[in-house]
Amino acid sequence: MKPVFFLSLMNGAAWGGSEELWFRTALWMSRHGHKIGVSCYDWPEKQSRIDDLKNAGCSIYLLPNKKGLFKKRAIKKTLGLIPFSEYGLVVISQGGWEEILHSPFINLYKKFPAYVVLNHNYNENAVLSFTKQKLLQQWVSGAQMNFGATQKIFEVMERKFNIRIDKKQTLINPITFHPDNAANPYPAFVDDICIWVMLAELDIARKAQDVLIQTLSSSKWKSRNWQLHLY
């Protein structure tokens, strides 16, 4: 198998569920003898994961994360040090859907021998200039595959920006907690109450807890015996 390079552009927080897919894949591949490169933003909070990648044999290129006028220049310099030509495939993971449209990443796809893009979010209210819409189409068309955490990502991109996405597929993120090794029997209802659990950051723009609560506020669901726990 050709070497693979993972480029994570997520920088809204030190770590998130969007990182788990590329991180676990990079670890597994490197531990099984594949040449793997990784580039992500430098956060002290993710040092233990960077150490895991290094110990597995990955080559690491950390993107500068200091605030200031020269941040973009520093990131561009680091990107220039990455030997993309030595890798057969580049996997770009975005915390959202449009990080690739910002400097210094806008024309980076031209350096890749082949690439796929992982999109983890969408924005119904986003506005893109004609130039950025054209750039997004170039990124999408040039990718071997465009992955999305939900089909809704592609629907919004196609509807709002007239983007044609021929190569697309919904991905499944792994869970980020460690369940018990032995599965327990499904618990019986207590007092006939059905308990639902939602595990997600409390952020209605991205996780839509408000939509869930509004739905459960209808008369049909009010008459049913349930509890909702938000974690």
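Predicted model: local features only at pLDDT ≥ 70, side-chain atom pairs only at ≥ 80, totals over all residues.
Trainee: Which elements give two or more residues to its lining?

Mentor: Strand 5 (115–119) and helix 4 (130–142) do. Helix 4 gives the largest share, three residues. The lining includes Trp97, Val117, Asn119 and Trp139.

Trainee: And how does that lining divide by class?

Mentor: Seven residues are nonpolar, three are polar and none is charged.

Trainee: What about the second largest pocket, what's its volume?

Mentor: About 220 Å³. Among its lining residues are Tyr186, Phe189, Cys194 and Gln227. Strand 8 (residues 194–198) supplies the largest share, three residues.

Trainee: How many charged residues are in that lining?

Mentor: There are no charged ones. Nine residues are nonpolar and one is polar.

Trainee: You mentioned Cys194. Is that residue buried or exposed?

Mentor: Cys194 counts as buried, at 19% relative accessibility. The cut-off for buried is under 20%.

Trainee: Why is Cys58 in no disulfide?

Mentor: The nearest cysteine sulfur, that of Cys40, is 10 Å away.

Trainee: Now salt bridges. How many does the structure hold?

Mentor: Seven. One of them joins the side chains of Glu19 and Lys46, at 3.4 Å from N to O.

Trainee: Where do those two sit in the chain?

Mentor: Glu19 is in helix 1 (residues 17–31). Lys46 is in the loop between strand 2 (36–41) and helix 2 (47–56). The two are 27 residues apart, so the pair links distant parts of the chain. Both Glu19 and Lys46 are buried.

Trainee: What does the Glu124 and Arg159 pair tie together?

Mentor: Their salt bridge is 3.1 Å, N to O. Glu124 lies in the loop between strand 5 and helix 4, and Arg159 in helix 5 (residues 151–161), so the bridge ties together parts 35 residues apart in sequence. Arg159 counts as exposed, at 51%, and Glu124 as partly exposed, at 31%.

Trainee: Which residues make up their network?

Mentor: Glu124, Lys152 and Arg159 are linked in a network of salt bridges.

Note on methods
Residues numbered from 1 in each chain as written. Heavy atoms only, no water. 1 Å grid on protein atoms, 1.4 Å probe; cavity = no way out; pocket = protein on both sides within 12 Å on 5 of 7 lines; lining within 4 Å. Points joined across faces, edges and corners; volume = space filled by probe spheres on them. Helix = DSSP H or I, 4+ residues; strand = E, 2+ residues; numbered from the N terminus. Nonpolar A, V, L, I, M, F, W, Y, C, P; charged D, E, K, R; others polar. Disulfide = S-S within 2.5 Å. Buried < 20%, exposed > 50% of the residue type's maximum accessible area, 1.4 Å probe, protein only. Salt bridge = Lys/Arg side-chain N within 4 Å of Asp/Glu carboxyl O.
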